[in-house]
Amino acid sequence: MKEKMLRNHPFKQINLDQALPEGGCGGILARAGVGKTAMLVQLALYSMLQGKDVLHVSLHDPVQKVSLWYRERFLALTAIDHGNVLKDLWEEIQGHRFIMTFQVGRFSIPVFKERLTDLTAQGIFHPKLILIDGYRFEEGAREALLALKCLSKAQGASLWFTVHIHRDVPVNHQGIPENLREILDLFDKILMLEMAGPDLHVRMLGYAAKHGIVRSMTLDPSTLLLTENGNDLPTDRRTKCDRDSQCMGDSLD
Amino acid sequence: MGSGLSKVRNIGISAHIDSGKTTLTERILFYTKRIHAIHEVKGKDGIGATMDSMELERERGITIASAATFCEWRGYEINIIDTPGHVDFTIEVERSLRVLDGAILVLCAVGGVQSQSVTVDQQMKRYAVPCIAFVNKLDRSGANPDRVVEQLRSKLAHNAVALQIPIGLEGNFTGVVDIVSMKAFYFEGPHGESVREDVIPGALFSDVVKAREILIDKASMFSDELMEAVLEGREIPEAMILSALRRGTMARQITPVFMGSAYKNKGIQLLLDGVTALLPSPDEVVGEALDLDHDERAVPLFCDPQKPVVALAFKLEEGPYGQLTYIRVYQGTLAKGVTIVNSRTGRKVKVGRVIRMHADQMEDIEAIPAGYIAALFGIECASGDTFVAPGLNFAMTSIHVPTPVISLAINPQDSKSQVNMGKALNRFTKEDPTFRAHVDEETNETIIEGMGELHLEVYIERMRREYGAEVSVGQPRVAYRETITRRADFNYIHKKQTGGAGQYGRVAGYMEPYEDGDFLFIDEVKGGAIPTQYIAACEKGFRSCLAKGPKLEFPITGIRIVINDGSSHAIDSSDIAFQAASRGAFLEGYAKARPVIQEPIMKVAVETPTEFQGGVMGLLNQRRGMIIGAQDEGIQSVIEAEVPLAEMFGFSTVLRSATQGKAQFTMEFSHYRQVPASIAEKIAGEAANRKRSAA
């Protein structure tokens, strides 16, 4: 069942299955309530199905709530009750996830490093993918992000962040908040989630767009599962990159 | 019992261990003049808090059995049940919540929402009990009521709103500002019994105004009148805010938060005002029963003393004068001398003495009207039984009872202890459905079962103190189970036709894993292949195999059995023949269905200073624990894990030494999971040894 799920996983069809390099960094950008955490959890589940250890750091939800996210997304992903097989698979992959939560004000690189060392030094958990949900990219974010990339590289892991876009913050022509300009170059992949009427669209920017990989996709809003599709954004909302299929330029400028 | 139901409150006080519930109750009884002296829970005066009437409770500083009492506050009658916070005594909390109309959720201002707070909150949700919160221990170092209110929102998803702001904190805590009335309150006198109103301290005024805006904003969702007043910018009277809050609280859509320090005698009187203003009276709570004469259709109950009586027995206690049955009357009046019927057994009983309880002291009364809680003497029943007027056949919804997960063999030291042990077990098992006892047929040992080590320890200690029964204790045993993991067919003939009366039956079908319960039997036999009159015998035969698995003799669960074919003999088929055929079919199918052993997995939450987090995770890891996550909460962390119960024995000692005694943990049953192959072999070996030594 696991192999079947990996074979048919939507991520494969839109090249999100390619892992980031060690120390690499990805971002999921969207306004509140659009589906950043759900997307992050989908990424985690995909890695967990491959047997990779995932450390999920949440700065706004308690452990139980995060755990519930995973349960719900897993059930949506499987969609069919396979009875014992499903239950066994769920129990198997749970061992590949560790949830760490901090209050927003209490999260810092030194504290995080200490907690991470607690895990690795005891041989309890060695994450290959570190997710950080709820980090605020404010002043000084560049140094912090560099430090986190270093830390994750030392662990042999890659990083994904959720990035909240506030409606009042000005954005560039690609919809990326201006206040993130200084750190964009540190991201290897960026997924922009946007509501377009009843549909939820995902645009891939940065590395993926540079290399002409599928640039947009639609999410099922009820399950938040990716469905494979082409450039189905209305023309007036497509970026320069989307309109030009040979775009290899600096898509993050 | 005559102030009118609108002025009655039946409430429970629930929380995590050491949040201060018992101290709070003690203070409530003092301020309502029910008692005239205050004694601390672990008091130097050797007396202990009034509600902890058992010696063991006083000694350990924990509350074990729930105790009921009533008091009066400003014309209101308040019935309080004090309940234990430790997860091993969850059944007591469950019972109380089933019969109460409202609850106070006590939270420690330092610890905040802790693991057992979550369990208690879930129990309150299960029985739809409205609650208000009390943030206690504001006098302690590290007290942070804002954080606790935020945790109520984030961890328990409550729409929590503070009704007060503290005046000072920790050592400087002197009083509270009530945001509704916009006044400051100070608690003076040797025991805080004099409440002085004053103006709000200037330094706090802007905080109070902000908090009031938030409060009114939230409360206005429950009152059009309040909403209009806000929109029109009119002055908002206190009564309008309280009325809106009451509506929201009763609908469980909002949780008002009070604060104070029971130990320092601050804030309790205002909390009592909150209870009367915000929690429902018995006639505001919808009661329902099941009509057993009409397919268990739900029927409403009316909190009307004139209607036919319907009452629920929710606690039994064996005392020096006989069995005391705590009872809540939902409809009608339960008076001395009337005849009532136990709807479970159908037996009629005549009501003897009717008692109103105050911890361990009793007061005789004439009757219990609808909406009240009291106790009866001399009624034989089980906890959870419904009593009704003759002519009614109703049952209240059964109280949810968790299955025991741990057992222990106990051996009396001498013959006197043997007799007394029997009496003790008889009493304890009647009082507490999660505590069970039986004699193991093979080893002849007495086995007790419960919800955790502490649960069993307490009963063993009570046996010794209350009955003089000295017992030695064996190794704790885990309640393993067996189940199957794949579908398997069976087709079994039971035949004994060697002359004379014979037996014949053939049963065919399949068995497969079943997630939604312990056992499901489905009859898909067509064309009378098995005569209809023998189908029940087939089911009986299959069921009889569930008690003990063929190899390891653990109970079997999670099986669906479908019979779809068979055959019978005109003369030799009988119930007995088909029972035997079904047993044979079960064994045949079971062997092919890849049976496995399952063990109970416990949800463990360890609260520890952050400096010990790594060590604690290591300890859990060593015990085959799967760590779900770690919650950093400043100086403390909470590590959540799922650990097999078999690995948890002695954990408290190990944890204590690894953390200098600063960590504590709670544990409750989560689910059953298949044991790893190596452990399965070990269990099989132990089972075989036990069989050999029994033989």
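What covers the buried residues of α10(B)? The first legend below takes up this question. The model shown in these views is predicted.

**Figure 1. Helix α10 of chain B and what covers its buried residues.**
Helix α10 of chain B comprises the 17 residues 415–431. At 1.5 Å a residue, a helix of 17 residues should span 24 Å, and the end C-alpha atoms of α10(B) are 25 Å apart, which agrees. The buried residues in α10(B) are Ser417(B), Asn420(B), Met421(B), Ala424(B), Leu425(B) and Phe428(B). These residues lie on the same side of α10(B) because they cover an arc of only 145° around the axis. Ser415(B) and Asn426(B), on the other side of α10(B), are exposed. The cover over the buried residues of α10(B) includes strands β25 (406–412), β26 (436–439) and β28 (471–478) of chain B, together with helix α11 (453–467) of chain B.

**Figure 2. Strand β35 of chain B and its hairpin with β36(B).**
Strand β35 of chain B runs over residues 626–633. How many of its 8 residues are buried? The number is 7, so the strand is mostly covered. Strand β36 of chain B, residues 636–644, runs antiparallel to β35(B), and 7 bridges join the two. One position to look for is Asp632(B), which stands opposite Ser637(B) in β36(B). The two strands form a hairpin with 2 residues between them. In the turn, Gly634(B) has a positive phi of about 90°.

**Figure 3. Pairing between strand β3 of chain A and β35(B).**
Strands of a sheet pair through backbone hydrogen bonds, and the pairing can be parallel or antiparallel. In which sense do β3 of chain A and β35(B) pair, parallel or antiparallel? Strand β3(A), residues 97–102, pairs with β35(B) in the parallel sense, over 4 bridges. Met100(A) stands opposite Ala630(B), and Thr101(A) stands opposite Gln631(B). Both Ala630(B) and Gln631(B) are in β35(B).

**Figure 4. The contact between chain A and chain B.**
Chain A contributes 20 residues to the contact, and chain B contributes 20 residues. On the chain B side, helix α5 (145–156), helix α14 (613–622) and strand β35 each supply at least two residues. Which element gives the most to the side of chain B that touches chain A? Strand β35(B) does, with 7 residues. Sorted by class, the side of chain B that touches chain A has 9 polar, 6 nonpolar and 5 charged residues.

**Figure 5. An open sheet of 3 strands in chain B.**
The strands of this sheet follow the order β13-β12-β24, and their pairing is antiparallel. Which strands are at the edges? The edge strands are β13 (297–301) and β24 (394–395) of chain B, each of which pairs on one side only. Strand β12 of chain B, residues 287–291, is joined to β13(B) by 5 bridges in the antiparallel sense. Gly287(B) has Leu301(B), in β13(B), as its bridge partner.

**Figure 6. Strand β7 of chain B, covered on both faces.**
Strand β7 of chain B is made of residues 164–167. Gln164(B) and Pro166(B) are on one side, and Ile165(B) and Ile167(B) are on the other. All of these residues are buried. Strand β8 of chain B, residues 175–178, runs antiparallel to β7(B), with 4 bridges joining them. Within this pairing, Ile165(B) has Val177(B), in β8(B), as its bridge partner.

**Figure 7. Chain A, including residues 230–253.**
Chain A has 9 helices and 9 strands. Of its 253 residues, 38% are buried. Taking the contacts in chain A between residues at least 6 apart in sequence, 71% join residues at least 24 apart. The mean pLDDT of chain A is 76, and 74% of its residues reach 70 or more.

**Figure 8. Chain B, with its helices and strands.**
Chain B has 16 helices and 37 strands. Of the 695 residues in chain B, 49% are buried. Among contacts in chain B with a separation of 6 or more, residues 24 or more positions apart account for 71%.

Terms used. Residues are numbered from 1 along each chain as its sequence is written. Chains are lettered from A and ligands numbered from 1 in the order in which they are written. This is a predicted model: local features need pLDDT of at least 70, side-chain atom pairs count only at pLDDT 80 or more; totals for chains, interfaces and linings use all residues. The expected span of a helix is 1.5 Å times one less than its number of residues. A residue is buried if 20 or more other C-beta atoms lie within 10 Å of its own, exposed if 12 or fewer, and partly exposed in between; C-beta atoms are placed from the backbone. The arc is that of the directions from the helix axis to the C-beta atoms. Two residues are in contact if their C-beta atoms, placed from the backbone, lie within 7 Å. Two strands pair if DSSP finds at least two bridges between them. Ala, Val, Leu, Ile, Met, Phe, Trp, Tyr, Cys and Pro count as nonpolar, Asp, Glu, Lys and Arg as charged, and the others, Gly among them, as polar. pLDDT is the predictor's confidence in each residue, from 0 to 100.
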